[in-house]
Amino acid sequence: MKAIIEEWFHEYSDDLYGWAYHKTSSKEVAEDLVQETFLSAVKGLKKFQNKSNPKTWLFAILNNKIIDHYRKKAKSAAVNNERLEHKYTNTTDSFFDSNQNWKVSGSEVAWEEEVHLLDNSEFKKTLDQCVDKLPDNWRLAVVSKYLTDKTTDQICQEMNVNVSNYWQIVHRSKLMLKKCIDNNWKH
Amino acid sequence: MRITEMVESKEDTELSFTERIKYRTHLAFCKTCRSYEKQSALIDRALSRLMSSTPKNSEPMDDAAKKKILDKIKRNEN
């Protein structure tokens, strides 16, 4: 039983590291997260009981560690973040007129019908870069929503916001992502 | 609540009857809203995929880092 974690380490550590690096862009942070993942796995091995695939289980632990990392980062840069959030809130508000209707410039790019974009690697890359540009707290909301199967209530509790604040963050983040795709994605 | 905001929150919280009517009526006359509704759904699906796709050609972890972690695992197992 004991050596099983070591076996998993040899088998999956590179995949886990690659994923952590991809999500944090830091070698040191990625190594730390992989280490924490395996130490949690050692502690929680009894809970695992071969119920799922070990790789799936390890990735679920890692994803939670990645979110913890984003949360800590958002906390430590709170002042800067507030400034950025304020700026981005102004930006997203400026998409609408005083009646809360979309301002239309006529130069909008239509990409909504292009379902094949989901398989387009350039589009994915653009979206990935756009997510990285979001303020830490907004990115935390987006990553928590799409990376894990956490419920809205859980995410709100962890982020210490109420549900309507949370939806507003998701809403503004998606408006920024739309804008960022409009600006940066070349057909 | 801004109409566009409903695009996002309606997937989680059901809109009330009045809100639903307001939403549908507004969208019937708002081309940008209809386009955003679709873009928002597309972004949703793209984000879900993006978050679950493993990157290609990623570098393996340093051997030194691996050894360090493996040592820690062994110590914690005992």
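Predicted model: local features only at pLDDT ≥ 70, side-chain atom pairs only at ≥ 80, totals over all residues.
**View 1. The interface between chain B and chain A.** Here 47 residues of chain B are in contact with 55 residues of chain A. The area buried between the two chains is about 4900 Å². Carbon and sulfur atoms give 65% of that area. In chain B, the residues losing the most area to chain A are B:Arg2, B:Leu42 and B:Met51. Together they account for 16% of what that side buries.

View 2. Chain B and chain A share six salt bridges. One of them joins B:Asp44 to A:Lys145, with the closest N and O atoms 4.0 Å apart.

**View 3. The side of chain B that touches chain A.** Helices H1 (3-9), H3 (31-52) and H4 (63-77) of chain B each supply at least two residues to this side. The largest share, 18 residues, comes from H3(B). By type, the residues of this side are 16 nonpolar, 15 polar and 16 charged.

**View 4. The disulfide of chain A.** A:Cys130 and A:Cys180 are joined, S to S 2.1 Å. The torsion about their S-S bond is about -80°, so the disulfide is left-handed. A:Cys130 lies in helix H5 (residues 121-133) and A:Cys180 in helix H8 (residues 163-184), so the pair ties together parts 50 residues apart in sequence. Both cysteines are buried.

**View 5. The disulfide of chain B.** The sulfur atoms of B:Cys30 and B:Cys33 are 2.2 Å apart. Their S-S torsion is about 75°, so this disulfide is right-handed. B:Cys30 is buried at 12% relative accessible area, and B:Cys33 is buried at 4%.

Methods. Residues numbered from 1 in each chain as written. Chains lettered and ligands numbered in written order. Heavy atoms only, no water. Contact = heavy atoms within 4.5 Å. Buried area = accessible area lost by both parts, 1.4 Å probe. Salt bridge = Lys/Arg side-chain N within 4 Å of Asp/Glu carboxyl O. Helix = DSSP H or I, 4+ residues; strand = E, 2+ residues; numbered from the N terminus. Nonpolar A, V, L, I, M, F, W, Y, C, P; charged D, E, K, R; others polar. Disulfide = S-S within 2.5 Å. Buried < 20%, exposed > 50% of the residue type's maximum accessible area, 1.4 Å probe, protein only.
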